[in-house]
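Subject: Structure handover

Hello,

Here is the structure I promised to pass on. Please open it first, then read my notes below with the model beside you.

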Amino acid sequence: MRTSPRRQLISDSVLAVVVTASSLLFVLSTGPGSGGWEPPSAFGTRPADWFSLLLVVSCTLPLVFRRRWPFLILLATTVPALVLNGMGYHPGLADFAAVILLYTVATLRGLALSVLAAVVVMAGYLAGALPDTHELGWADHAVVVVVTALVWVVGRTIRLRRAYLGELVDRADRLERAREADTRAARAEERSRIARELHDVVAHHVSVMTVQAAAARTMLEKDPAVARDALVSIEEMGRTAMAEMRNIVGVLRTDGPAERGPQPGMDDLPGLVDQMREAGLTTQLWLEGETRQLPPGVDLAAYRLVQEALTNSLRHAGPAARAWVTVRHEPSELMVHVEDDGRGLVLKRENGGKGHGLVGIKERVALYGGVLRIGPRPGGGFEVRARFPLKDR
């Protein structure tokens, strides 16, 4: 979890104040003229005054902005440190501040700038230590080099680890967004599928019920028995429609397990043809080839195709129209052909009337890699022909 810039500034301010106070205390309590322990000449040969104390503060107090401009702060604090060493003043904790800045550069900046920062730190150390080589041995210089290199390596390691963790977080975010997009696409596809199913069920049954209701109204006074039979058919059709809609919408229930019945298929075509005949559309069914078990998706899509085509014939073919349904089972494909000899408006039927029935048929056939032809027959009337590949299923 990243720290906010405000908290970073507060923590850096506290660090700068603590280091500055410690540096001033170190200068005033040690060194020439302090009255206490006087370290070797590497810690200065001149007593502290206001100018040296100002330089000491300028070496450590800029740590407040170490995260914002780490390399520039390192360069800026190196100058007063060199002045302190050159004039023989006690440097205080200037070297410690330089190490902190080196770590910050290595953690927050790129490789080239971090290497340059290490060079600046070592150059500043050598510029202040070389005049006093008689006080410091080669072992002391080696320790300084090792500590500086270790600080740089630790800073670079932390930077690389943060970059790696950041990449993991970004990758997880991308995967989460991709998963959400897939979920939304799946939901949209499911809604589209349910909408097609509901349209096919409602359009078919309501069309049949409308035709039968019109017949019942016409025959109500002339032949009440025929009207009664039509009303019975309407009742049965309404119950069938409600049952199919419950099966389709049942998958949307979230308060319990979905209660779904089997979807209709090509085995239900005889019942569909009987419904069309009862509604007044003379319909014939031919089954060719060896009947075999179809994949569930193809089975439902082919049934809905026949249902929608016959519904359009019933609505648009006109009175005294006839319809033929041909289903041919071949080794590598299923052919479904629905045609009528009606004289209805061809353009309206090609567009599926005001609804989306034939558009849904096109989507169903395309979903299973089939080929669809919708249009007028050469000898008059209208036809819907589809081929579903079965070889690889």
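**The strands**

E2 and E3 form a hairpin, with 3 residues between them. Please keep in mind that this is a predicted model. The two strands pair in the antiparallel sense, over 7 bridges.

Two positions mark it out. Glu339 has Glu383 as its bridge partner in E5. Leu334 stands opposite Phe388 in E5.

How many residues of strand E3 (residues 333-340) are buried? The count is 8 of 8, so E3 is largely enclosed by the rest of the structure. In a regular strand, side chains alternate between the two faces of the sheet. Both faces of E3 are covered. On one side, Glu333, Met335, His337 and Glu339 are buried. On the other, Leu334, Val336, Val338 and Asp340 are buried.

Next comes strand E4 (residues 371-376), which pairs with E5 in the antiparallel sense over 6 bridges. Leu372 stands opposite Ala386 in E5. E4 and E5 form a hairpin with 5 residues between the strands. Look at Gly380 there: it takes a positive phi near 105°.

Then there is His329, in strand E2 (residues 322-329). Is His329 buried or exposed? His329 has a relative accessible area of 10%, and the cut-off for buried is under 20%, so it counts as buried. Its contacts, leaving out residues up to four places away in sequence, are Glu288, Gly289, Glu290, Thr291, Arg292, Leu294 and Leu334.

**Salt bridges**

The structure holds 11 salt bridges. Side chains of opposite charge can pair when their charged atoms come close. Three of them follow.

Asp12 and Arg66 meet through their side chains, at 3.0 Å from N to O. They link distant parts of the chain: Asp12 sits in helix H1 and Arg66 in the loop between H2 and H3, 54 residues apart. Asp12 and Arg66 are both buried. Asp12, Arg66 and Arg67 are linked in a network of salt bridges.

Arg328 forms a salt bridge with Glu288, and the closest N and O atoms are 3.0 Å apart. Arg328 lies in strand E2 and Glu288 in strand E1 (residues 282-288), so the pair ties together parts that are 40 residues apart in sequence. Arg328 is partly exposed, at 26% relative accessible area. Glu288 is partly exposed as well, at 32%.

Arg373 forms a salt bridge with Glu383, with the closest N and O atoms 2.4 Å apart. Arg373 is in strand E4 and Glu383 in strand E5, 10 residues apart. Are these two buried or partly exposed? Arg373 is partly exposed, with a relative accessible area of 38%. Glu383 is buried, at 7% relative accessibility.

Which residues of H2 are buried? They are Ser52, Leu55, Val56, Cys59 and Thr60. They cover an arc of only 125° around the axis, which puts them on the same side of H2. Trp50 and Leu54 are exposed, on the other side of H2. The cover over the buried residues includes helix H1 (5-29), H3 and helix H4 (94-108).

Phe65 is in the loop between helix H2 (50-60) and helix H3 (70-87). Phe65 counts as partly exposed, at 36% relative accessibility. Together with Leu9, Trp69, Leu72 and Leu75, Phe65 makes a nonpolar surface patch of about 460 Å².

**The whole chain**

Some overall figures to finish. The secondary structure comes to 11 helices and 5 strands. The chain has 393 residues, of which 37% count as buried. Among the contacts with a separation of 6 or more, 72% are between residues 24 or more positions apart. The accessible surface comes to about 22300 Å², and 62% of that belongs to carbon and sulfur atoms.

Best wishes

Notes:
Residues numbered from 1 in each chain as written. Predicted model: local features only at pLDDT ≥ 70, side-chain atom pairs only at ≥ 80, totals over all residues. Heavy atoms only, no water. Helix = DSSP H or I, 4+ residues; strand = E, 2+ residues; numbered from the N terminus. Buried < 20%, exposed > 50% of the residue type's maximum accessible area, 1.4 Å probe, protein only. Contact = heavy atoms within 4.5 Å. Areas by Shrake-Rupley, 256 points an atom, 1.4 Å probe, with all protein chains shown as cover. Patch = residues over 30% accessible without salt bridge, like charges linked within 9 Å, V, L, I, M, F, W, Y side chains within 5 Å. Salt bridge = Lys/Arg side-chain N within 4 Å of Asp/Glu carboxyl O. Pairing = 2+ DSSP bridges. Arc of directions from axis to C-beta.
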